[in-house]
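This briefing is intended for a reader who has the sequence and the three-dimensional model at hand. Please keep both in view while reading the points below.

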Amino acid sequence: MGFSGLSRVFHWGPMVALGIIKWVTLITLYCNTMLWPPAESLYGLVFTATFLGFSSLTLFHFFCSLSTGPGFLPAGWTPPAASAASQLQWCSVCQGCKAPRSHHCRKCGRCVMKMDHHCPWINSCVGHHNQGHFIAFLASAVCGCMMSSISLSMSLYYGLNRTWYLYYGTGREPQVVLTVWTLLGALFGLGLALGVVIAVGLLLVFQLKSVLRNQTGIEDWIREKADYRHRNTDTKFIWPYNLGRMANLQQVVTWSCVPVGDGITWEVVEGTDQYTLTREQLKQKEDKRERTREYQIIMNYGGAWFPLSQGVAVCCHPPCTDEPRIALQTGCVVRVTRWKKYWLYGEKVQEEGKEMPTGRVRGWFPRHCAVERLDHADTCVLARQEGKKVK
């Protein structure tokens, strides 16, 4: 665990995650000493020890997934065989080829091996090297918060009904004493624990499904486009990495959480090779370039995520993605590759004679801020189509 990895802790995501872990752990231990005192019963001792085990594992795998990192391709990486470079995508930021299953993360600023997604809670990507630790972190957090939810809910029940049990109880009920502040702390801890069970539990399910199919979240989208592209052909796209559920699981989930392989060369199924996926990605890039349309901006847009000045409909239908919004001025030209009812996604065309920015400017902007540009050839085609309709 190097300093560069641990330095990722100093970010709002990891700090919030650590705050939730510590709050739930401390308030649960406090209430549990009254609900099931570990010094007075074997059940209380086992429960407390198990809970502390899950809490410790959560912290351990959290720091491991954060400090280990996803595994980055070296800047300027190229395949050993020069002939393979033509079958790989080129990263203009890293100035190198993208290895199979690698993708560039704009937040990390590097190409990530087997990138699944960028997680703000660990301030890093989930990829080849840390996915095992990340899944163990999710599983430990869910199990620990399930135990916390049981302990805190029962503590609140007995604490709020303590007076009734003093008069009408059998005397064997737990004596949970809650002040105003401990009551608020327990309620807040219970809300956090239930939120983790639901939200993190769903993420854990998605991660396990991804591992069992050997298909990351990004690759789900690539696979969907591949199936769509081959829908009217005699060929069917074969996913090269699906070796079977058990074999897929064993590549990621190990006792040491160290994955199988180097993150560049992969075991593939029969009928495919190392570059089956990358060739498909290159063809999808070609299709993307063919359907690209140029739009000219007719209304200024400041890059706000919820631009009230653009109308209520635009604010109520934002793209469900963390991709950036780009500020645009009247007269700018954008090459659009994705369309939604109220938003467009594209790359801003840099004007000649002006200072170039540090990188490509890509993102979303409101649809009614722009109109599509038609060149002379497009205009002639449209005119001929209209003429045929008139005849």
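Val196 is found in helix H6. The model described here is a predicted one.

- Apart from neighbours within four places in sequence, Val196 is in contact with Ile20, Ala141, Val142, Cys145 and Gly201.
- Val196 and Ile21 are 175 residues apart along the chain, while their C-alpha atoms are separated by 9.8 Å.

**The second largest pocket**

- The second largest pocket holds about 410 Å³ of space.
- Its lining comprises 23 residues, of which Ile20, Phe137, Ala141, Val196 and Val200 are the closest to the centre of the pocket.
- Helices H2, H3, H4 and H6 are the elements that each give two or more residues to this lining.
- H4 provides the largest share of the lining, namely seven residues.

**Nonpolar cores**

- The largest nonpolar core has 24 residues, and those that touch the most other members are Phe62, Ile122, Phe134, Phe137 and Leu138.
- Two or more residues of this core come from each of helix H2 (12–35), helix H3 (42–68), helix H4 (131–160) and helix H6 (180–213).
- The most is given by H4, which supplies seven residues to this core.
- Leu138 is in contact with Val200, Leu203, Leu204 and Gln207, when neighbours within four places in sequence are left aside.

- Helix H7 covers residues 217–229, and at 1.5 Å a residue its 13 residues should span 18 Å; the end C-alpha atoms are 19 Å apart, which agrees.
- Glu219, Ile222 and Ala226 are buried in H7.
- Viewed down the axis of H7, the buried residues fall within an arc of 55 degrees, so they line one face of the helix.
- These buried residues of H7 pack against strand E3 (103–105) and H9.

**Glu280 in helix H9**

- Glu280 lies in helix H9, which runs over residues 276–291.
- Because its relative accessibility is 4%, under the limit of 20%, Glu280 counts as buried.
- Beyond residues up to four places away in sequence, Glu280 touches Ala226, Arg229, His230 and Phe237.

**Tyr301 in a loop**

- Tyr301 is located in the loop between strand E7 (293–297) and helix H10 (312–316).
- The relative accessible area of Tyr301 is 3%, so this residue is buried.
- The C-alpha atoms of Tyr301 and Leu328 are separated by 5.2 Å, although the two residues are 27 residues apart along the chain.
- Leaving aside neighbours within four places in sequence, the contacts of Tyr301 include Pro307, Gln310, Arg325, Leu328, Trp343, Trp364, Phe365 and Cys369.

**The cavity**

- How many cavities of 30 Å³ or more does the structure hold? There is one cavity of that size.
- The largest cavity contains about 30 Å³ of space.
- Its lining is formed by Leu73, Pro74, Ala75, Gly76, Trp77, Cys94, Gly96, Cys97 and Cys111.

Conventions:
Residues numbered from 1 in each chain as written. Predicted model: local features only at pLDDT ≥ 70, side-chain atom pairs only at ≥ 80, totals over all residues. Heavy atoms only, no water. Core = buried A, V, L, I, M, F, W, Y, C linked by side-chain atoms within 4.5 Å. Buried < 20%, exposed > 50% of the residue type's maximum accessible area, 1.4 Å probe, protein only. Helix = DSSP H or I, 4+ residues; strand = E, 2+ residues; numbered from the N terminus. Contact = heavy atoms within 4.5 Å. Expected span 1.5 Å × (residues − 1). Arc of directions from axis to C-beta. 1 Å grid on protein atoms, 1.4 Å probe; cavity = no way out; pocket = protein on both sides within 12 Å on 5 of 7 lines; lining within 4 Å. Points joined across faces, edges and corners; volume = space filled by probe spheres on them.
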